[in-house]
Amino acid sequence: GPGGGAPLENANPLVYRRSGERPVTAREEDDELPDSIDDREIFDLIRSINDPEHPLTLEELNVVEQVRVKVNDAESTVAVEFTPTIPHCSMATLIGLSIKVKLIRSLPERFKLDVHITPGTHASEHAVNKQLADKERVAAALENSHLLEVVNQCLSARS
Amino acid sequence: CLENTDPRMRGRGIQLLSQVLLQCYSLLQEKEVLHLVLFYENRLQDHHLVIPSVLQGLRALSMCEVLSPGLAVSVLKAIFQEVHVQSLLQLDRHTVYSIITNFMGTREEELKGLGADFTFGFIQVMDGEKDPRNLLVAFQIVRDLIAKNYALGPFVEELFEVTSCYFPIDFTPPPNDPHGIQREDLILSLRAVLASTPQFAEFLLPLLIEKMDSDLQSAKLDSLQTLTACCAIYGQKELQEFLPSLWSSLRREVFQTASEKVEAECLAALHALSACLSCSVLSSDTEDLLDSFLSSILQDCRHHLCEPDMKLVWPSAKLLQAAAGASLRAYHCVTSSVLPLLLEQYTKHPQSSQRRTILEMLLGFLELQQKWGHVEEDESTLLSLRAPVCSVVFSALTDPSVQLQLVGIRALTVLGSLQGFLSPSDLELVVDHLIRLALHEEDSQSSEAAMEAAGSLAPLYPKVFSGHMVPRLEEELQSERQEESPCDHRSLRQRCLQALAAVSTHTSIVRETVPVLLQHLRKVQKGSEAGNTQDMVSVCQSLHRVALQCQQDAESCWYYHQTVVPCLLAMAVQAAMQESTHLLLAKALLEEEVLAAMVPVISAATTHLSPELATQSVSHVVPLFLDGEVSFLPQNSFPCSFQPFEDGECLEAQRRLVALLMAFVCSLPRNVAIPQQERLLHELLALSCSCNCPFTATTAAKCFAGLVNKHLAGQQLDEILQLAVNRMELGLAEGPCRMQALTLLLWVTKALVLRYHPLSSCLTDKLLGLLGDTELGPAAADGFSLLMAESPDVLHKGCHADVRIMFRQRFFTDNVPKLVQGFHGAGPDVKANYLKGLSHVLNHLPKPVLVTELPTLLSLLLEALSCSDRVVQLSTLSCLQPLLLEAPQIMSLHVDTLVTKFLSLTSSPTMAVRIAALRCAHALTSLPTTVLLPYKARVIRALAKPLDDKKRLVRKEAVAARGEW
């Protein structure tokens with residue numbers, strides 16, 4: 001776990017199976033036909049983000065689920081709900097931030113992003129959501145080199 | 001000089017003497033040696049400046065064979081007593097180790113006479129050694145001390161201390177280290193010492209337990225690997241006291257670690273511990289600790305198996321499997337507790353995903369049982385649980401979840417492989433399940449897995465499969481069901497064909513399935529349904545698979561060849577004749593697609609024939625094509641004669657069958673003589689140059705090339721090649737057959753390039769010349785891909801072609817300069833042909849070669865990026881991508897051009913180019929950060945655009961590339 005010996009908040013969490021790679025369809029290989037951005041595509045962007053505490057992905061911990069991802073390509077909006085593993089999880093803000101940064105980096109600028117906690121699943125839900133929605137605060141957080149390093153670690157591909 | 005009062009002078013004198021001795025020690029007499037030894041021993045008391053030279057002299061003397069008994073001991077005593085080794089320089093310390101090593105090699109008995117004093121002396125010598133070069137020698141000495149049973153006396157702990165202080169090895173070789181000592185060398189050398197004797201156990205095990213908890217992963221791994229090594233020589237006695245701590249450390253690591261490596265080493269160590277306890281020879285009054293050790297593991301892990309959704313379920317299962325896999329006894333102990341539990345949990349958890357986890361664990365334990373072969377009647381837990389195990393596995397096979405089905409099928413395969421486990425009635429049920437899954441399960445993964453399972457179980461129970469499965473498949477294949485849509489019916493037939501092929505893994509089954517497949521092919525050919533082509537191709541694919549499965553068994557191979565090859569030839573000849581006599585509608589059997597699908601069948605049926613049988617077969621097939629000799633065909637009354645090499649418009653259909661001739665004759669072993677070979681070559685040559693049908697002309701050219709490649713060198717070959725060159729030149733010059741001539745040129749060039757034939761360079765030059773031809777240039781450029789790539793049907797190793805392993809490199813060295821030169825001299829309309837040719841050559845070159853040749857070609861490749869031809873762009877990008885990863889230094893010099901070109905190609909109209917350009921942009925990130933920094937903002941901005949690409953596959957690459965930047 002982090003910091004060597006410190007006990008984990010949730011040492012034996014429920015683990016869910018990873019969905020496989022999205023199979024490539026013949027349509028996707030056709031040069032002419034456009035593929036719209038759909039829920040699965042957004043989910044694929046965030047499902048392999050690493051949890052800050054466990055050697056597991058957000059998908060394996062069921063923190064993110066495809067059903068909690070809503071995208072409207074025409075109106076350029078994305079909404080993602082995430083569910084912390086326990087109601088007092090101290091990492092909720094960091095997880096939300098990682099999801100947000102991943103989406104900022106990976107989606108066209110036209111998209112308006114909304115990342116928030118699944119209603120009723122965290123003690124400080126309101127406060128965390130407020131922070132994640134606050135553009136200035138997110139920008140400032142990413143100026144913080146220590147925080148950025150932790151976020152990048154969550155976003156890095158697994159070895 | 002030796003008595004000079006200045007120690008420096010004395011030192012020089014002794015140095016000279018020592019140098020002389022090092023040259024001539026082998027010539028010395030016993031008396032001289034005695035004298036010199038006494039002198040040198042005495043000199044050890046001299047000034048410290050003199051000592052290095054004295055040691056050199058003693059090293060020379062230590063290599064003398066005539067050294068009198070007693071002198072070795074006396075020299076060592078003197079060194080131990082007079083020299084403080086660790087205050088010497090590295091090289092001089094090394095000399096001391098050499099002296100000791102030399103004496104240990106030749107005077108073992110004498111040194112052993114010293115008893116533990118020798119060990120003690122050596123401990124003092126090496127105590128505090130820091131240099132890795134010396135440590136390697138010192139560790140070797142310790143290993144020898146232990147391995148050769150020198151007396152350690154009361155100094156065991158000291159000897160352990162003086163070596164274990166280096167554990168875990170923490171050494172990084174300096175850059176440009178000329179000695180080439182790697183960290184790994186020291187680790188292995190020290191491990192060999194530490195794990196060399198059980199006497200160290202009481203000191204070593206606490207150390208290992210401590211270091212397993214280290215923050216350094218390398219220390220963890222080293223400790224675990226050392227523990228595993230120790231288990232090979234320890235017994236229960238050594239381990240006893242430490243078992244609880246060892247177990248708790250291993251458990252902690254496996255439960256917590258994120259590293260697969262650490263986990264794997266922990267499991268290996270646990271396996272070793274369990275094996276060690278299983279094998280220890282115990283005295284009659286000692287308690288066997290295996291059971292108590294295993295029960296502590298069971299106690300800590302068992303309950304996690306009941307939580308199939310939780311994180312610790314798999315670590316627990318793996319620990320139990322590691323312990324259980326060490327011995328039959330351990331296996332019984334663990335499984336008697338775990339198997340009933342897992343079976344019970346399976347019933348308790350109704351969800352498919354949970355059941356899958358539980359069944360996967362169960363499968364892990366079943367696979368362990370395989371290690372011990374057949375099930376022993378008396379003690380096996382598994383046997384007593386046969387009914388519930390089978391019912392769990394069968395229930396998985398009928399579950400709607402494909403994932404659970406897949407695990408069920410794997411479990412079934414394992415159960416089937418345990419001899420005597422499944423009863424005859426179980427087996428029939430197994431076959432029923434496999435047929436159902438193979439034919440009717442919607443998901444193709446399950447269906448394929450079921451076919452694979454049938455294929456691996458069939459050789460174990462051939463009677464059950466040939467008697468039960470094959471007839472069912474045949475019945476399904478032949479049934480005409482009106483109620484289904486034609487589409488479903490077709491896919492069911494497809495599945496039947498695949499299943500028939502999959503199950504043909506035993507010679508007795510092959511004899512059942514091959515006639516069914518051939519029968520079906522005849523039936524489809526006679527039918528008039530649309531989609532016949534696809535059906536025939538499917539039958540051929542199944543026949544091909546069976547052929548491959550038959551290759552290793554000589555008897556099946558010959559049966560298959562004798563049955564299938566004449567049958568296919570007869571059907572094709574029949575179809576071709578009908579067409580030439582009645583000018584009927586084109587027969588599906590003669591379509592390119594179907595003929596092309598028959599080629600691998602005949603080829604695979606031929607490559608593994610013994611030379612005698614191949615000779616027998618070739619004596620039928622060649623006369624069929626040359627003389628229309630049809631008598632060997634199973635059905636040989638034909639309406640007219642078969643003469644594929646004759647002129648005549650109505651013979652077009654017959655000529656296409658050259659494809660089947662090619663498949664056969666080009667797959668023969670090289671030592672099989674082909675009757676009338678020269679006549680055959682002439683006919684093929686004529687056909688390839690004159691035939692208007694591209695399929696036939698190309699096939700004839702390939703067949704000609706395939707034969708030429710294997711033809712014995714000599715006058716006959718030279719003559720036929722000369723003839724071919726003449727025909728090609730004539731054809732290339734002008735007229736309607738230029739394309740055919742080019743095709744022939746390409747295939748013959750390939751045949752000769754592969755075998756390093758001297759004529760190949762002349763032909764390659766002709767090809768290079770054609771790149772400048774406005775009409776044939778593009779096709780010639782694409783031809784370079786044909787030359788470099790592995791061809792699927794002829795001219796590859798599998799069909800016994802003469803292929804030199806380095807032909808691609810050789811082709812590259814010989815021709816790339818010419819391509820580059822040609823490019824520079826070419827007109828603007830044909831420049832792209834040279835780039836394309838070059839791209840093809842580079843694409844097929846092994847990467848290491850590419851990296852070394854890069855500097856000379858890079859400017860050309862950069863130019864090629866601006867070429868508007870998509871093929872050139874694509875292959876240049878795919879060439880540059882590995883280079884960016886493997887030669888970042890060279891590529892850094894061109895970063896500016898690379899960034900610009902890659903970014904501009906990300907908006908290419910072709911999806912494949914956009915993807916390749918983004919991959920290159922991604923690969924740019926492997927250049928040094930300082931090189932990239934100036935471009936960072938620009939690249940990130942530019943990569944925002946492909947994030948909104950209309951194609952998902954492009955967006956995926958853009959996300960990866962941008963994320964990395």
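Student: What is the mean pLDDT of chain A, and how many of its residues reach 70 or more?

Tutor: Chain A averages 83, and 92% of its residues reach 70 or more. pLDDT is the predictor's confidence in each residue, from 0 to 100. This is a predicted model, where local features need pLDDT of at least 70 and side-chain atom pairs count only at pLDDT 80 or more, while totals for chains, interfaces and linings use all residues. Residues are numbered from 1 along each chain as its sequence is written, chains are lettered from A and ligands numbered from 1 in the order in which they are written, and side-chain values use heavy atoms, with hydrogens and water left out.

Student: And what does chain B average?

Tutor: Chain B has a mean pLDDT of 89, with 97% of the residues scoring at least 70. The model as such scores ipTM 0.84 and pTM 0.79.

Student: Where in chain A does pLDDT stay under 50?

Tutor: That's residues 1-5 of chain A, for which the model has four contacts beyond four places in sequence. Contact means heavy atoms within 4.5 Å.

Student: Why is B:Arg107 called buried?

Tutor: Buried means under 20% relative accessible area, exposed over 50%, and partly exposed in between (1.4 Å probe, protein chains only). B:Arg107 has 12% relative accessibility, so it counts as buried. B:Arg107 sits in the loop between α5 (90-106) and α6 (108-113) of chain B. Beyond its neighbours within four places in sequence, B:Arg107 touches B:Cys64, B:Glu65, B:Leu67 and B:Ala72.

Student: What makes B:Ser839 buried?

Tutor: Its relative accessible area is 4%, so B:Ser839 falls in the buried class. B:Ser839 belongs to helix α41 (residues 831-843) of chain B. Setting aside neighbours within four places in sequence, B:Ser839 contacts B:Val872, B:Ser875 and B:Thr876.

Student: Why is helix α33 (residues 658-665) of chain B said to be largely enclosed by the rest of the structure?

Tutor: Eight of its eight residues are buried, so the label holds for α33. Among them are B:Val658, B:Met662 and B:Phe664.

Student: How do you know what helix α49 (residues 952-964) of chain B should span?

Tutor: The expected span is 1.5 Å times one less than the number of residues. With 13 residues, α49 of chain B should span 18 Å, and its end C-alpha atoms are 18 Å apart, so the two agree. The buried residues of α49(B), including B:Leu953 and B:Val959, pack against α1 (26-29), α2 (39-46) and α3 (92-106) of chain A together with α46 (911-923) and α48 (936-942) of chain B.

Student: What makes something a cavity, and how many of 30 Å³ or more does a search of the whole structure find?

Tutor: On a 1 Å grid over the protein atoms alone, a cavity is a set of points where a 1.4 Å probe fits but cannot get out, and lining residues have an atom within 4 Å of a point. Grid points are joined across faces, edges and corners, and the volume is the space filled by probe spheres set on the points. The search finds two. The largest cavity holds about 80 Å³ of space. Twelve residues line the largest cavity, with A:Asp51, A:Glu53, A:His54, A:Thr85 and A:Cys89 nearest its centre.

Notes:
Helices (H or I, at least four residues) and strands (E, at least two) are DSSP runs, numbered from the N terminus. On a 1 Å grid over the protein atoms alone, a cavity is a set of points where a 1.4 Å probe fits but cannot get out, and a pocket is an open set with protein on both sides within 12 Å along at least five of seven lines; lining residues have an atom within 4 Å of a point.
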